[in-house]
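Biologist: I would like to learn how to read a protein model. Where do we start?

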Amino acid sequence: MAYYDELFKLCGFEEKEIEEERPRIEKTLARLGIVPDDMPSAQSWVKQNHDLSLVGVRKLLGAWLKELIDLVLAKDEGKKVVYFGFPAILGPGLMLSASSDDVLVSAPDMVLDHTMGQIFNKLTPILEAGEANGLPPGHALCSLWQAKIGGIIKGMVPMPDLALASSYFCDMGSKADDLVTALYGVPVAYIDGVMDSRWGEYPRYLPQRVSYLGAQINQALKKSEEVLGIEVAPDAWEKSQIDSRGYINNLLKLLDLMRADPVPISVVELELLEALSGSSTGRGIREGIKAMNILISELEERVKAGKGVTEKGAPRVMMASGHTSDPRVTSLVEDAGLAVPLTMVLAQVGGPKHPPKKTYSTPGETIADHELASGPVHGTDAMIKMFQSGAKVMKLDGFIANYLFNCRPASLTSHTQKEYLERTTGLPVLALETDNFDSRTYSAESLRTKVETFAYMLKKRKEASRN
Amino acid sequence: MDALQRLGAHLETRLGSLEEAKRQGRKVIGYTAGGYLPEELVLACDAIPIGYVRAGDNNILRDAGSYICRWIDPFWRSQIGYLTSRKDLYYSIADLIVVPITDNHARAFSNTIVFYTPEVESFVFGVPHVKDELALGYYLDGLKRLKNKLERFTGIRIGKQGLKKAIELCNRERELFSQISMLRKANGNVVPSRDFIALHHGSFLADKEVMVDVLESYLKEAKKREPSADNVPRVLLTGSTLGDGDTKVLDLIEDCGGMVVMEEFAEGLRPYWTSVGLEDDPMAALAKAYLMERVCPGWFRPGTERLDFLVELVGDYRASGLIWYQLMYRESYKVESYFFPQILKQKTGLNMLVLESEYDTAAELGTMRTRIETYIETIRT
């Protein structure tokens, strides 16, 4: 038995899987600088932060580790590597992935956050490397990008052969891609879009937005073909949707389970599966869906038994998403006695459906229309309205409207989100400034007082309404 | 009275004349910075364009703090502060505010108008971040929607001839700015940067005919001037935004013995290097000139065109130093400021000084002075 076996078992690996994967695991750990001395603290970190009584949770952690291994070894194993920025319009990445087994398409920053952060608790040196190489602290620059640059600089993840730049949402992402190009000559396929809908327009949008974004996606796919020397398969879009359908169906089942009181699972674990679908186009997400199947069965048992992660009757709040690298920040909400039955992803799945405006002849336009109808890429009010619809999906007592200080599109909601939700739903809203990817400044300790006070107010309010 | 004095006198009464124009039925169209709103369209429907570039006062950021978090560029927070506080009457005199959406900082402003000041009518259209045929088509479509909006709003149809006339007027303004700017290529300096910037800032508020007249007078005056001594370090000043009221860096460079010979900013100065073609389709010509032919700002992807332009300007204007003045939280410029110094050094041999501001003079003045003094000393030797 090797020094890492115990940790990998905690993360849902079967003994047989470890044996089969052993050479790859060892090569990966060596490249990441993980040594035997790191194991006790990693095991304790995982046990402290995750509900390991659920096999589904263990398997989810394992899915992230499998994505990490595939990512770290991609170049060694002869693959072409494509990175996209999170949050991404995933369609083009999924299509490239579905078109060739020799291409790995991933979001390395998210993979590093969930593994080097959530499993090994060694993210800080990676972030510091990003800060020292173009993305310094103190300027509200994206900590996901700090992790990505840091991971590349430290040689943990391979230099990509192509960057799919998300020029449709944040300005930082594609500019940081420019940085990688300037320093290392990595080619970029920009997918440009313009978030020029007026506040209040959602769910309406101009057909020109679909045409432009769609054409940009098609153009990026063409460039990808040239750079990677592959052909995007004619049925790539349909193929890529097979996994997505399984995932969405599982989310719907999960949404139903989350209506239970008490809520059967922590948002810490929900985050593991929600983020996986936005970060992986390969083995990670496929394993993640299998893990979800197990998890859903386990949660059904919990619901039947009336078991949950918070007390029955706890105030129920919606929170956009959990922390990607430090689960303590997420846990603090439940520690304060609040149940979180709804996240942005679940609200999106369970909320009103906005079907495509029409049938399109190219995958780019099909993807663009889907993304604009879904929300975040549409504009600020679309993001906020997802919270609003959440109140209808789930019986909520309030919202924790966490906005990321270092993500410009997200920080635009800092004031409007609270005011709009309070006005339209009548529910209390805690506007919480956070960094969802890096807990060095926005730690659980720094946020605790605000969350505890809000939780106390919600409990009193709920008691009063009962009486 | 010299040209700048005439401009000052014109601006002193400008609000009153705008009120009078409104009483006579003309519309005032406010628009936000970045250089992507063709004023030609506004002029062609007999409306009056007013550009918003005021910034530099930290106090207004406190007003903006009630509407947006601090992680947005202070220039755009200033716009939010002026709009919501009504402390600057130019922001409340507009009948319609047009916001070309350039990046997420501009979106902060456009969200604010609709959410917090719904009584102010506004119109948004998008500016793509890349230069290709698809982007040109999208931008042109936005301009056409803007044209329709302006026609409905003013009740005046924008005809080809009227638009061409407006293009000619605006071309004349751009040509004059260009001619004045180019005087600075010569030895010495007959156009202080302070004057050039004042002309730009004034041009966002002034009547266009008056402005052209002022620029023509200024050009004549400048040509007659004796060049200043040419033994001072020549500085190229660049960045995202040089707001009207943000004079700190310019003051310090001059105090420390430097001379700014060229400014390159996406917001606060108007693009003046290219003219709009007068071919058959004026709308297409506007889109081509405003999106494709002008040098792109730092938030374009990639931003190499602008960086190459800076290298070119260093040569053309014989700059001995380049000061990169960026505003806090404007991420595009921050990221570029990391890798551009290496390119600049390689191509021109110059070192670059990066300065950052939150418009907090009390906190920034001392350290900025020390850094500028040191830099000027370095390039002097």
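**Reading the model, feature by feature**

Modeller: Start with two helices of chain A: the axes of α2 (residues 15-32) and α4 (residues 55-72) come within 9 Å and cross at roughly 75°. Keep in mind that this is a predicted model.

Biologist: How do I read such a pair?

Modeller: Packed helices are described by two things, the angle between their axes and the distance between the axes. Angles of 65 to 115 degrees count as roughly perpendicular. Therefore α2(A) is roughly perpendicular to α4(A).

Biologist: Which residues of α2(A) and α4(A) make the contact?

Modeller: From α2(A) come A:Glu21, A:Arg24, A:Ile25, A:Thr28, A:Arg31 and A:Leu32. From α4(A) come A:Leu68, A:Ile69 and A:Val72. Sorted by class, this contact has five nonpolar, one polar and three charged residues.

Biologist: Now chain B. How many helices and strands are in chain B?

Modeller: Chain B has 16 helices and eight strands. Its C-alpha atoms fill a box of roughly 60 × 45 × 45 Å along the principal axes.

Biologist: How do I judge whether a chain is compact?

Modeller: Set its radius of gyration beside the value from the globule rule. For chain B the radius is 20 Å, close to the 21 Å that the rule gives for 381 residues, so chain B is as compact as a globular protein of that length. Burial can be read too: 51% of the 381 residues of chain B count as buried. Then look at sequence distance. Among contacts in chain B between residues at least 6 apart in sequence, 74% join residues at least 24 apart.

Biologist: What about a sheet? What is the strand order in the open sheet of four strands?

Modeller: In chain B the order is β6-β5-β7-β8, with parallel pairing. The edge strands are β6 (259-267) and β8 (352-357) of chain B, and each pairs on one side only. From one strand to the next, the twist averages 20°.

Biologist: Can you zoom in on one pair?

Modeller: Take β5 (residues 234-241) and β7 (residues 321-327) of chain B, which pair in the parallel sense over five bridges. In β7(B), B:Gly321 is the bridge partner of B:Val235.

Biologist: Last, how many residues does each chain give to the contact between chain B and chain A?

Modeller: Chain B gives 38 residues and chain A gives 41. On the side of chain B that touches chain A, the elements giving two or more residues are α7 (104-116), β4 (122-126), α8 (133-154) and α15 (331-348) of chain B. By class, that side has 24 nonpolar, seven polar and seven charged residues.

How values were computed:
Residues are numbered from 1 along each chain as its sequence is written. Chains are lettered from A and ligands numbered from 1 in the order in which they are written. This is a predicted model: local features need pLDDT of at least 70, side-chain atom pairs count only at pLDDT 80 or more; totals for chains, interfaces and linings use all residues. Two strands pair if DSSP finds at least two bridges between them. Axes are lines fitted to C-alpha atoms, for helices over the stretch in contact, and angles run from 0 to 180 degrees between N-to-C directions. Two residues are in contact if their C-beta atoms, placed from the backbone, lie within 7 Å. Ala, Val, Leu, Ile, Met, Phe, Trp, Tyr, Cys and Pro count as nonpolar, Asp, Glu, Lys and Arg as charged, and the others, Gly among them, as polar. Angles under 35 degrees count as roughly parallel, over 145 as roughly antiparallel, 65 to 115 as roughly perpendicular and the rest as oblique. The radius of gyration is taken over C-alpha atoms; the globule rule is 2.2 Å times the number of residues to the power 0.38. A residue is buried if 20 or more other C-beta atoms lie within 10 Å of its own, exposed if 12 or fewer, and partly exposed in between; C-beta atoms are placed from the backbone.
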